[in-house]
Amino acid sequence: MRDIKVLRTAFGILGNVFGVLLFMAPMITFKRIISKRSTEQFSSIPYVIALFNCLLSVWYSLPFVSPDNLLVTIVNSTGAGLEATYVLIFLIFAPKKEKAKICGYLFVVFSIVSCVAFVSLLAFHGNKRKLLCGFAFTISCIMMYGSPLSVMRLVIKSKSVEYMPFFLSLAVFICSISWFIFALLGKDPFILVPNAIGTLLGAVQLILYGIYRDNRVVVKKDEMNESIETRTGELQDKKLAYNEDA
């Protein structure tokens, strides 16, 4: 029993390390936004969704909702602070119309999080509270982990990993599998399910990288524009991360 607890803690710490690295990855993008004083073609939506996920994750992992999840609280509190900073930078440098959209997104996010928090506190107790918060947390995690699908589609279509950096894909895989094992050892299905999906998607990204790593062709302009529209700016983040690594 003690060995399982120690092992669970070890995987939780590993998940924290790679989780923080993933949260810090967009700093390359925001360094560019601040230097140019413009958000250009980048979208705030991925960061708003990540903030939404972090807030629900923190709430779910609090002791009065889900005991023994302190490591989840730590990494997602850090993530919430970073994602809030990214969204704030968007609010400073985005055009007026975009600022209004961001405020609208934030209103929806804080309304849902507040609703889940108040309902879980006032109307539910014990396992019922954990169930409500767990479902909300799981759905938000799946939304976040689903974001790389469009990049994977672009890799298959262009037969190039130009916009899918290896180390970013590796970090996603290690982070997801760490939390998957953490949840498995702790018998927590709400952490286990989304991280199982994240592990699968991370593994597929690594497989695609192995298949197309030698095919660094230039993606056509129309494909680039299509990806920017469908992926709401995240593709550019990947490209910047790749150039920084190179």
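Select residues 74-93: the chain there is 100% helix and 0% strand, and the end C-alpha atoms are 29 Å apart. Helices (H or I, at least four residues) and strands (E, at least two) are DSSP runs, numbered from the N terminus. The model is predicted; local features need pLDDT of at least 70, side-chain atom pairs count only at pLDDT 80 or more, and totals for chains, interfaces and linings use all residues. Residues are numbered from 1 along each chain as its sequence is written, and side-chain values use heavy atoms, leaving out hydrogens and water.

Next, select residues 42-62, which are 81% helix and 0% strand, with end C-alpha atoms 33 Å apart. An unreviewed UniProt entry annotates both spans as "transmembrane region", along with others including 6-30 and 191-212. UniProt positions follow the numbering used here, and such annotations may be inferred rather than shown by experiment.

Now show H3 (residues 45-61) with H4, whose axes come within 8 Å and cross at roughly 150°. Axes are lines fitted to C-alpha atoms, for helices over the stretch in contact, and angles run from 0 to 180 degrees between N-to-C directions. H3 and H4 are therefore roughly antiparallel (over 145 degrees). Their crossing is left-handed, meaning that the near helix is turned anticlockwise from the far one by less than a right angle.

Move to H7 (residues 149-158) and H9 (residues 189-212): their axes come within 11 Å and cross at roughly 20°. H7 and H9 are therefore roughly parallel (under 35 degrees). This crossing, too, is left-handed.

Finally, select Lys5, Arg8, Asp68, Leu185 and Gly186, which lie nearest the centre of the second largest pocket among its 17 lining residues. H1 (2-24), H4 (70-93) and H8 (166-186) each supply at least two lining residues; H1 gives the most, with four. The space in this pocket is about 490 Å³.

A pocket, on a 1 Å grid over the protein atoms alone, is an open set of points where a 1.4 Å probe fits, with protein on both sides within 12 Å along at least five of seven lines; lining residues have an atom within 4 Å of a point.

Definitions and conventions: Points joined across faces, edges and corners; volume = space filled by probe spheres on them. Parallel < 35°, antiparallel > 145°, perpendicular 65-115°, else oblique.
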